[in-house]
Amino acid sequence: MNGRKRHIAVDTLGLLLTVLVTAASVTDREAGGTLLEQLRQRHWRVTLVWADGCYTGRLVDIAREVLQIALTVVKRCDDATGFTVLPKGWLVEQTFTWLMRSRRLARN
């Protein structure tokens with residue numbers, strides 16, 4: 001969808017824990033910080049989070065020091081070409097697929 005980004009946190013089964021929709025102008029790191037804060041408030045027992053490669057930088061330090069969450073960034077191998085499935089990254093993509101199967105959620 002043009003103009004919007006959707007950030008979600010799911011458990012190991014792909015079930016939604018937290019959802020954040022932002023304008024496209026908001027960087028992934030800023031939105032990731034807000035998403036992790038919401039996750040910490042609602043699900044205080046979560047201590048390990050796997051994230052996509054765009055959630056790097058100071059966000060990892062903030063998650064560890066302020067929120068007491070171990071943020072592990074899953075990146076592609078440097079020698080990989082074409083499409084490769086990232087470990088644990090498919091959980092979020094599977095959840096987005098489940099959501100888009102519902103006609104009511106496929107549009108605004």
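**Salt bridges and a buried arginine**

Lys5 counts as partly exposed, with a relative accessibility of 26% (buried means under 20% relative accessible area, exposed over 50%, and partly exposed in between, with a 1.4 Å probe and protein chains only). The model is a predicted one, in which local features need pLDDT of at least 70 and side-chain atom pairs count only at pLDDT 80 or more, while totals for chains, interfaces and linings use all residues. Residues are numbered from 1 along each chain as its sequence is written, and side-chain values use heavy atoms, with hydrogens and water left out.

Three salt bridges are present in the structure (a salt bridge is a side-chain nitrogen of Lys or Arg within 4 Å of a carboxyl oxygen of Asp or Glu). One of them joins the side chains of Lys5 and Asp28, with an N to O distance of 3.3 Å. Because Lys5 belongs to strand β1 (residues 4-10) and Asp28 to helix α1, this pair ties together parts that are 23 residues apart in sequence. Helices (H or I, at least four residues) and strands (E, at least two) are DSSP runs, numbered from the N terminus.

In helix α2 (residues 58-65), Asp61 and Arg64 are three residues apart, a separation of about one helical turn. Their side chains meet in a salt bridge of 3.0 Å, N to O. Arg64 also forms a salt bridge with Glu65, where the closest N and O atoms are 3.8 Å apart. Glu65, with a relative accessible area of 54%, is exposed.

Arg40 lies in helix α1, which spans residues 28-42. Arg40 is buried but has no salt bridge, and the nearest side chain of opposite charge, that of Glu37, is 11 Å away (Lys and Arg count as positive and Asp and Glu as negative; His and the chain ends are not counted). A polar atom of the Arg40 side chain lies 2.8 Å from the backbone oxygen of Leu67. For the backbone oxygen of Gln68, the distance to a polar atom of the Arg40 side chain is 2.9 Å. With neighbours within four places in sequence left aside, Arg40 is in contact (heavy atoms within 4.5 Å) with Arg45, Val46, Leu67, Gln68 and Ile69.

Notes: A polar contact is a pair of N or O atoms within 3.5 Å; within protein, one must be able to donate a hydrogen and the other to accept it, and residues adjacent in sequence count only if both atoms are side-chain atoms.
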